[in-house]
Amino acid sequence: GAGHLAAVPASEGGQVITVAAIKAALVAILETVPNVDVVNSYGWFPDLAGATIAIVIPPLRTESLYGFTQSRDSSPDFQSHRFACEVWVQDTGDPAALDALVSGINTDAASVLMANQAFAVGDATALLAWFDGDRYDFSIGFEVEDGWRRLANDGPQFLVATMTVPVTLGE
């Protein structure tokens, strides 16, 4: 393996650390991003009540890779995940303010995440990177997929972007 996290297990006591535990640790980091009002790791929509910027890590939007670099033991040597975090930014009706919010979350989220490149998940340490068994990829990406969304016909409009955050444990 690459050896960067060689002493860091992808499991605790032979049990693979769950995606839910990794998401919970990631939520704690994302809650420190400036101007983010709420972060959810459950459900399809963030809690938007009074929120200008909200982040949700919805189910079924995580890519996972479990790998064995040494031998095929009962638990993998490493696990890598790409979490699709939806960032919801409310349209206040002022294009300049919306542009400032969107630009700010892009910069602030990347800065906070890079300041937490290694973080605790239970007794293990996770690295903010994707590991494919050969090399690490430290990229954090933003992409606007569907654009504008409303949760109610008369409710506020939100610009929704997906921020992809990679996390690796082990190897």
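User: What length does helix α1 reach from its first C-alpha to its last?
Analyst: This is a predicted model, in which local features need pLDDT of at least 70, side-chain atom pairs count only at pLDDT 80 or more, and totals for chains, interfaces and linings use all residues. Residues are numbered from 1 along each chain as its sequence is written, and side-chain values use heavy atoms, with hydrogens and water left out. Helices (H or I, at least four residues) and strands (E, at least two) are DSSP runs, numbered from the N terminus. Helix α1 covers residues 19–30, which is 12 residues; the expected span is 1.5 Å times one less than the number of residues, and α1 is close to that expected value, at 16 Å.

User: Which residues of α1 are buried?
Analyst: Buried means under 20% relative accessible area, exposed over 50%, and partly exposed in between (1.4 Å probe, protein chains only). The buried residues of α1 pack against β3, β4, β6, α2, β7 and β12, where contact means heavy atoms within 4.5 Å. The buried residues are I22, K23, A25, L26, V27, I29 and L30.

User: Is T162 buried or exposed?
Analyst: T162 is in strand β12, residues 158–170. Leaving out residues up to four places away in sequence, T162 touches R61, A84, C85, E86, G141, F142, E143 and E145. Because its relative accessibility is 5%, T162 counts as buried.

User: Is L151 buried or partly exposed?
Analyst: L151 lies in the loop between β11 (141–149) and β12. Because L151 has a relative accessible area of 46%, it is partly exposed.

User: How many helices and strands does the protein have?
Analyst: From the N terminus on, the elements run β-β-α-β-β-β-β-α-β-β-β-β-β-β. The secondary structure comes to 2 helices and 12 strands.

User: What percentage of the residues of the protein count as buried?
Analyst: The protein has 171 residues. Of these residues, the part that counts as buried is 43%.

User: What percentage of contacts between residues at least 6 apart in sequence join residues at least 24 apart?
Analyst: This value concerns contacts in the protein between residues at least 6 apart in sequence. Among them, the part joining residues at least 24 apart is 64%.

User: What is the average pLDDT of the protein?
Analyst: pLDDT is the predictor's confidence in each residue, from 0 to 100. Over residues 1–11 pLDDT stays under 50, while 87% of the residues of the protein score at least 70. The average is 84.
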